[in-house]
Each structure stands twice: as C-alpha cells, then as structure tokens.
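Please look over the fold shown here and report on how its parts pack together. Keep it brief and tied to the residues.

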Amino acid sequence: MGVGEEVKVVDSCMVTPSEETPRKGLWLSPLDLMLVNRGHTPTVYLFGSESGATDDFFDVARLKLAMAKALVAFYPLSGRLNVDADGRPEIDCAGQGALFVVTHSDLTVNDVSNFQPSPELKRLFVPRVEDSPSLMCGIQVNFLKCGGVALGTVLHHVVIDAMSAFHFFQTWSAICRDGDTAAEVLELELPCHDRTLLRARSPPVVHPDTLSVFCPDPNQTVSDPASGAVVNKIFVISKDQVAHLKRACGGRDGWRVSTFCAVSALVWRCMCVARKLPPDATTRLAFPANVRRSLRPPLPDSYFGNGIIMLGAAAKVRDIIASEDDQPLASVAGQIRGTIRQMGDELVRSVIDYLEMTGSQSASPAGGMPESELRVVSWLGMPVYDADFGWGKPLVMHRALQQRAGLVYLMDGLDGSVRILVSTEPSILNDFQRLLYANFCLSEAHVS
C-alpha cells in the first residue's frame, strides 16, 4: 500500500530525568564498542483504542512524566555518545535528555497494521535523528485518525542490546500504567550499569578454539547496502506449524530442539535454495547470543548494556539443502544447537579479550553481507508485548526498517506464532516464501 500522507509534528522536546543522576563518562565494554558505529535501531509499536478515541488515551503529559522517572534509573539513555581524553568512545552522562516527539496523522490502525518494514514506515513514525548521531534515545508518539497510536522508537545500539531495550520499555510503561508502585508490583529489577563486568582480562588471553565459533566481523562490507534493492517482508508461522517444525527437527537421541534452532534451520535451508548457491560453496549462519548466563559468575539479567557476542555455524551448501532422506532438517538444527552449546565462560572471556586486542571500536558501519551468509537475530522469549502504558498491550511490534539483505529477525506473535522478518533481494522473495511454507504442505502462504 502506498501512503503519501504526512504526519504533522505538534510537539518536540527533550525529556530529562526527574531527579539528579550520576554525571560522568560511562565506560563502554569491548562488546559495546563493537557496535559503536551501528547507529540507531528503529522500531514501531502499534496500539489500538478499543473504546475509540478518549481524552486520556496515550496522555502525553503522563507519558513524559513516566519517562522522566524511568530515566532516573536508565540514565545512560539521556546521555550522549562522546570520547574520553584518550579518544575511546564513552557515554557522556549529564542528563541531556531523550528526544520526545508528538505527531498527528490521517492514517488509521488498519492502514499501519498492513505496513511491512520500509523507508516509508520509518519516515512517517520514527523520530528523525540523522542530525543527532550522538543521541541515545528518541520516542515519537503518533496519534492516528482512528484513535490508535503508533509509537516509534530509536535507541543507539552502542548503549544497549535488545534485552536491555525491552527492560527499559517494560519499566517506562509500568510506571505510566501503575505509578510509583510499579517496581514493587511487578518486581522490576533496577538496571545494572557496571560495564566493567565485561572488561578484558589482564593480560588478555584468547583460547585457540575461539574463532571457530565466534564471528569477529559478521558485518563485513561487500557492497554498499544502498546500492542494491532490498525488500522487507514478515512471514508468520502459526503455533501449530511451529510445533510441527520442532517435531521434525527433534534429534534422534531424544534432545528437544528450541524454537530458535528449528526456525533458523528452516530459514537457512530455504535461503540457500532460493539464492541458488553452489553446492560446493560454504555458507554461514551467524547469530547474536546472550552472554549473561554463560559467564561465571553470571551477569545479572538486568545488566544494562550490550551482553551479546556473534556466533556462527558453517557448512557446505549441499549439507544444508539436502533432501530430508539424505540430510534431515534435524541435522541442520543440531549443528546450530551444537554451536550454541559451545558458549561458556572461557569463550565469552576470550571474545572480549580478542576484541580488546584488535580494537573493536574500529568496527565499520554495517554494510552488505556475502550472499552465502545469513544472519538471524532472535527476539523470541523477550517481553516485546509488555509495553502496556495503561491502555492495553501493543497489537504488533517490529523494526521500522531493515536495509541489509540476508538479515532475519525472529519475534513471538501474540497467539503463539512466530513472526519472521526477512530482508532479502526482491528477485528471490517469492521463491523463499514458496519454500518456507512448502515445509508445512500449505496450499497458500500465510503472510502478515
């Protein structure tokens, strides 16, 4: 659907913490510095007003007050990206504030719910921060003609990963909904800001097996991502289809396969076939893995920062695309599972040391990936739909835009389904869709 309607900005300001917060340069770990040039992640939450437009639906003053309170605990989000005296990037925490924009639009919830991630969706509903690269957080509340709201967000990846981002939205929305008692009612943990927990060892030591699992440069630029067309589409696998897929991927030794391993195996196989990769070529599946519980002692789940490293599983294309008789999908899922099982304290510490030794802050902006590579980012099991500000849970949430072919996001649906955001070359999208659903013997594709 082409939408030419513009949104009208009615308010734009900086929301600052409601209380005094630490004023300092916040040290960034090697895992943060790896993402210093990745910029902002744009997302959109869509909320419907069941009872129609009401005077207090998404009350702006209430949202701002709750955000100001949340920023006291999540103060790095009101800071700015800077460098210290040695030129090392850091977050300048001085309570500068988070951007807060309010707009009105003639669009309706039905118009927006049909949107796939696209430049147009980002342009309409996400705060524009291109001229403010050091900004950590931006919010845009878009009031729709029907009474619904599209909430656009941008968070700089150097400050947090997805787990930390959802922690912030959980807290902000809970304070807006339940007031000052939110933390006690929901038992929300305060964020842990001690990033020195992920400091490199002295001296640094890299285990010889580290690079067989860790992907040191998963964003290797092979082309300008803007030079080739990329299409985004969200596919939905129902709850029953997910169960069928997991049964098909169950190991012969009786191990239970995770949703991530099963869906990633299927997507990897379909992408290799759709791209017509040579059988003798090597293909790699890369994915970010949460390190919090792999360390000894483990990081707290409330660790606020980037607690992810990039892992990779590689194989010959022929072994990924082989028929079920020759190479069951369970074998592909098992390879992914095997990679995950190698992540422990020593691997994570070796990765941190490796990044410190090689200068992780020199990582380049994200570019195109080799055609033989697929990157899968999982938001499965994360509290995506816990952003209830007092007017109900979001109807849907996803990235507003993804411009890199070969990148896939996995997200939970409200009904137990899995939503798969695929970014790929337009020429293979139809083949990928056909292959994806052929595994479930469907006569027609179920696409969101």
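## Overall make-up

This is a predicted model. The protein has 448 residues, and 54% of them count as buried. Its secondary structure comes to 12 helices and 15 strands.

Among contacts between residues at least 6 apart in sequence, 80% join residues at least 24 apart.

## The six-stranded sheet

An open sheet is built from 6 strands. Their order is β9-β15-β14-β12-β10-β11, and the pairing is mixed. The edges are β9 (231–237) and β11 (308–316), each of which pairs on one side only. From one strand to the next, the twist averages 20°.

Asn-232 has Ser-423 in β15 as its bridge partner.

Strand β3 covers residues 40–47. Because 7 of its 8 residues are buried, β3 is largely enclosed by the rest of the structure.

Two antiparallel pairings involve this strand. With strand β8 (residues 149–156), β3 forms 8 bridges. Phe-47 stands opposite Val-149 there. With strand β13 (residues 396–399), β3 forms 4 bridges. In that pairing, Val-44 has His-398 as its bridge partner.

## Helix α7: one face in, one face out

Helix α7 spans residues 239–248. Its buried residues are Gln-241, Val-242 and Leu-245. Viewed down the helix axis, these fall within an arc of 100°, so they line one face of α7. An α-helix has 3.6 residues a turn, so residues three or four places apart point the same way.

Lys-239, Asp-240 and Arg-247 are exposed on the other side of α7. What do the buried residues of α7 pack against? They pack against β9, α8, α10 (329–341) and β15.

## Nonpolar cores

The largest nonpolar core holds 65 residues. Trp-268, Ile-420 and Phe-432 touch the most other members. Helix α8 (residues 259–274) gives the largest share, 12 residues. In soluble globular proteins, nonpolar side chains tend to be buried together.

Leaving aside residues up to four places away in sequence, Phe-432 touches Phe-235, Val-267, Cys-270, Met-271, Ala-274 and Val-422.

## Tyr-409

Is Tyr-409 buried or exposed? Tyr-409 counts as buried because its relative accessibility is 8%, which is under the 20% cut-off. This tyrosine sits in strand β14 (residues 407–412), one of the strands of the open sheet.

Beyond residues up to four places away in sequence, Tyr-409 touches Val-377, Trp-379, Arg-399, Gln-402, Arg-419, Ile-420 and Leu-421. One of these, Ile-420, is among the residues with the most contacts to other members of the largest core. The side chains of Tyr-409 and Arg-399 are joined by a polar contact of 2.8 Å. His-398 lies 11 residues from Tyr-409 along the chain, and their C-alpha atoms are separated by 8.9 Å. His-398 is also the bridge partner of Val-44.

Methods:
Residues numbered from 1 in each chain as written. Predicted model: local features only at pLDDT ≥ 70, side-chain atom pairs only at ≥ 80, totals over all residues. Heavy atoms only, no water. Buried < 20%, exposed > 50% of the residue type's maximum accessible area, 1.4 Å probe, protein only. Contact = heavy atoms within 4.5 Å. Polar contact = N/O pair within 3.5 Å; in protein donor to acceptor, adjacent residues only side chain to side chain. Core = buried A, V, L, I, M, F, W, Y, C linked by side-chain atoms within 4.5 Å. Pairing = 2+ DSSP bridges. Axes fitted to C-alpha atoms, helices over the stretch in contact; angles between N-to-C directions. Arc of directions from axis to C-beta.
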